[in-house]
Amino acid sequence: MTPRSAGARTAHRRPVATKLRDPRGLVGWLFVAPALIFYAVFVLRPITLTFQYSMYEWNGIGASTWVGPANYGKVFTDPDLFDSLINAFKLIAFFSAIPVVLGLAIAATIRRIAQSRLALVARTVLFLPQVIPLVAAGIAWSWLLASTGVINQLLSLIGLGGVTRAWLGDFDTALPAVGMIGAWVLLGLCTLLLLAGMSKIDPALYEAARLDGAGAWREFVSITVPSLRQEIAVCVTVTVIAALASFDIIYIATQGGPGNTTMVPGLQIFYLAFAEREVGTASALAVVLMVLVIACALPIQWFAKDGNR
Amino acid sequence: MITSRREAWTGRVLLIFLMAVTLLPFLSLFVTALHPSGTYPAGLAWPDDPQWGNFPRAFEAANMGELLKSSALIVLGVVPISIVLGTMAGFAIGHLRVIGARVIFLLFVLGLTLPFEGVITPLYYQIRDMGLLNTRWAIILPLIGLFMPFSVFWMRAHFVNMPGELSESARMDGANVWQLFRRIHVPLAMPAISSLGILLFLWTWNQFLLAIVLVDDPAKRTMSGALGAFQGQWGTDIPLLCAGSLLILTPTLVIFLLFQRHFVKALLQGSLKG
Amino acid sequence: MARRVHPGRSGVAVVIAMGALAAACAAPGANSPQPQATGTSPVSAAPTCGSAPITVSGYFETGFPLPKALTTEFTKQHPNVTWDVREDQFAVITQNAPRVLADNPPDLMRLPQVSELVKDNLLKNLDGYAQAFGWDKWPASQLEQLRLGPGGRPRGEGSLYALGLNFSMTGIFYNKKLAAQVGMTKPPATLAELDQVLGKAKSAGITPILQFNGGATGGLAFPLQNLMASYGPAGPINDWIFQKPGATIDTPSNLQAAQHLEKWTKAGYFQKDINAVDYATMMSRFIDGKGLFMFNGDWESGNLDKQMPGNAGFSLMPPAQQGGKRAAMSAPLTFGIAANAKNADCAAFFLNWVATDKRAREIGVEIGGSRPMGPADAYMPAVASDKVTASTLEAGADIAGDNGAMDFIANATGAIYAKSWTPNLQKLVAGQLTAQELLTKVQADYTGQLEGN
């Protein structure tokens, strides 16, 4: 057990009690137990049940029938279900790629004025989308993107009246439009995270690079990006999970339409489980989603950790 | 010098542009909310006759008083319990290093990236069998469990960096483990705890999926769930919907602006560690 | 991280955690109470709401003032009854119906498609009430769509599981001013005449048809079904909706109808952003005079009389041939009682009151705009002839004469609207599906859904 200092007087006097009070044993466990119980009852048990339900055909009300892995077969063969997974991956391009790449570019550009008053105001403003409910973002943006909305008004103003449309109701643009809402929500967070990371980079590195005659681009590629490895990994993880598990925005903005162009696994699970009462299929999709999220998150974490060693 | 001044200017213009894009949806909500109820205002146009009355109407239609109370009750249920339990567990795992700490910690980490949609179906039947559907407990209890991985992870990260000597000297003074935790470690952990509190507050307040699945009555939901219901009911009246959305946003915005420094710090650290 | 882990004892954590999971062994649903079919419980005397204070819970559709007006009047007449009403849009009600009926049963609820709700024993069998109140003596056609066979199939016969607040009907509303602009003096008498007017409107720069087709609600099902009724008889469509064995939507005359709709979409007769237009947007545009026609139901006639007085006209869909039979989607505004409702008797009493009380019937016509349910000889409030409500009521009589009442094709199964008609109609607009593919896909989904259940 823990090497105890000889001066622990109580320990000398009552060895049995000490054993009981050993913070690494029973007492320590008493500290962990309440958290563990909540976690087990409301997370671990439901996870196990999701696995179990996924093996049954069940309408949520009557009796259930064991169907083995058939529901998984359905997830990968029914185009409606499989397409929702594909859509989630397409959303990554918007939820992750845009905020991270654009965030990097913006952070690099404003790095020099990071301490100005304007930048401090910007810190607050850029955080707003993180603070408000995603539902509100969905409501506001579906109105902006409507056929009579501000986006079309602005496009007409700059002479692009020809491309105006109901962005969320068009088969070609609905998914990108929903993706842009996600990008709007996540861009501020990524920018500020990366900016915070940049402030930790030793300015001497940049000076050295300048002395070597490196341009802004060289600086960016050979100093900024490698130093931000961990921050970038964090941005990618957070945004990829947000894309794969998206629900709120799409529930509000498109309900998965038009057609099924914006259907994502989260919404599909909700519909399947509660409106169509195909609990088994919903659970199989839920298992696939959980596995996908972990499968995407783990490699990114390892990538970040390796870079630190 | 010239390059750097140009850089600064590009930076400024970019920042302002970025802020404009961020604020545009809020502006659009606000302007639209002032149009006569039931109309479909086109684009951003200041109404001839601003209908300030839409805000009190939406306040009444959304039952804002009840909503605020409900969200506050849910937050009061989730945040303190999560903090206490998370801090205790983080202390035991990170500082006491209980037997099996590694396994438990991994068990919690497993839940860090869990999409809530993954467990919502069994959670529904579980809450139903517990007889808690349509009560605030249906949101509070699962959220405590669902936030536990992060809470433990967050507090462990704090306690793991606490020097062991701190406890040793306290023990010499005859403090038991609980006193050690309560008198020495909790006060030292206050910054970590308050950041955790801010994050949990925000995530609870904005929780949507659990609210719409587990609670039918909007007056017993979180703010976000209530906004979903408000959209479900008044989505046909755009100005009123916009006014209601703004009202529902206001409490979060006010709290955010009051504690913005803590918020920004907590959110940045939160995502870095999570 | 603690490096010195005792492998033998570290499993304790897992053991404790797994203990909580032990409950997860039985098959899902094995030990939850199974709802039982409510038999035809004989009701001796007609039930009432009593005289003790009672709170009846309701789950209604947003945007339609009729139920609220009726419950308010009911409380005026029966002050011991108060209402606890929750409202949602119809699409949300559709999503929530099974869950709410099973786990939080309202006394009175606006119902979506009922087959599966009946199959899962979520709705109260109303046969006992029908006998006690004498509903079975009303014209049989009023209640046909609300009768279901054992297990929910087929529809159209069997026990009564719901009642209507009124009997609504659909057709074409038109803007009289715009009609005059394109030279339309009376409603088109044939489909060809309608096509002509649409073409004229288009070239005059007027949107010919305002319709909704966005989100989860494919409103093109309205014109589609009306076209189906122009090209063919109503009977086979009803058989399909009622899930009669062997029924199909993919018939030659329905194909003509779908192709006609496709022609309209290609000709640009609908708004360009139709796939983003929801019901409320369509209504607001029609009221604003942004288009000539709108396929919709008489539940809006009261509203249109108020919002564009004298300027709204209504006509049934013209048949393909001059003088052909007319048909229209017409269905009760369906309300039911949850199987486990606490105040079922009072809810049934209310439904009977809606159909028989003089004031309730007036409200049904003035605010609901549709024909009330009830006995054939019941009191019928008078409506000024210049009102669109008068035309819709008259059209209702025509349909009854031609035996042309159809239920809505979106009501064939619980999921057919959200999962099949809506996405496929949206694809038809976008040119991603042909008319034939539309019918083939919907029929395949229909068969799959019936097998799945």
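In this predicted model, pLDDT stays under 50 over residues 1-20 of chain A. For that stretch the model has 13 contacts beyond four places in sequence. Helix α1 (residues 9-13) of chain A has the lowest confidence in the chain, at a mean of 40. Where pLDDT is low, the predicted coordinates should not be read in detail. Confidence in chain A is highest in helix α4 (residues 70-77), at 95. Over the whole of chain A, pLDDT averages 86. A score of at least 70 is reached by 92% of the residues.

Annotation of chain A comes from an unreviewed UniProt entry. That entry lists "domain: ABC transmembrane type-1" for residues 85-300 of chain A. In the model, residues 85-300 of chain A are 75% helix and 0% strand. The end C-alpha atoms of this range are 20 Å apart. The unreviewed entry also lists "transmembrane region" for residues 26-47, 88-110, 175-196, 232-253 and 282-304 of chain A. Two of these spans were examined for helix content and end-to-end distance. Residues 232-253 of chain A are 86% helix and 0% strand, with end C-alpha atoms 29 Å apart. Residues 282-304 of chain A are 100% helix and 0% strand. The end C-alpha atoms of residues 282-304 lie 33 Å apart.

Chain C contains 18 helices and 11 strands. Its C-alpha atoms fill a box of roughly 90 × 60 × 45 Å along the principal axes. Of the 453 residues in chain C, 58% are buried. Chain C exposes about 17500 Å². Carbon and sulfur atoms supply 53% of that area. Contacts in chain C were also sorted by sequence separation. Among those between residues at least 6 apart in sequence, 77% join residues at least 24 apart.

Burial was then followed into one helix of chain C. Helix α9 (residues 221-231) of chain C has 10 of its 11 residues buried, so the helix is largely enclosed by the rest of the structure.

Methods: Residues are numbered from 1 along each chain as its sequence is written. Chains are lettered from A and ligands numbered from 1 in the order in which they are written. This is a predicted model: local features need pLDDT of at least 70, side-chain atom pairs count only at pLDDT 80 or more; totals for chains, interfaces and linings use all residues. Side-chain values use heavy atoms; hydrogens and water are left out. UniProt positions are given in the numbering used here, feature names are shortened, and annotations may be inferred rather than shown by experiment. Helices (H or I, at least four residues) and strands (E, at least two) are DSSP runs, numbered from the N terminus. pLDDT is the predictor's confidence in each residue, from 0 to 100. Contact means heavy atoms within 4.5 Å. Buried means under 20% relative accessible area, exposed over 50%, partly exposed in between (1.4 Å probe, protein chains only). Accessible areas come from the Shrake-Rupley method with a 1.4 Å probe; for residues, only the protein chains shown count as cover.
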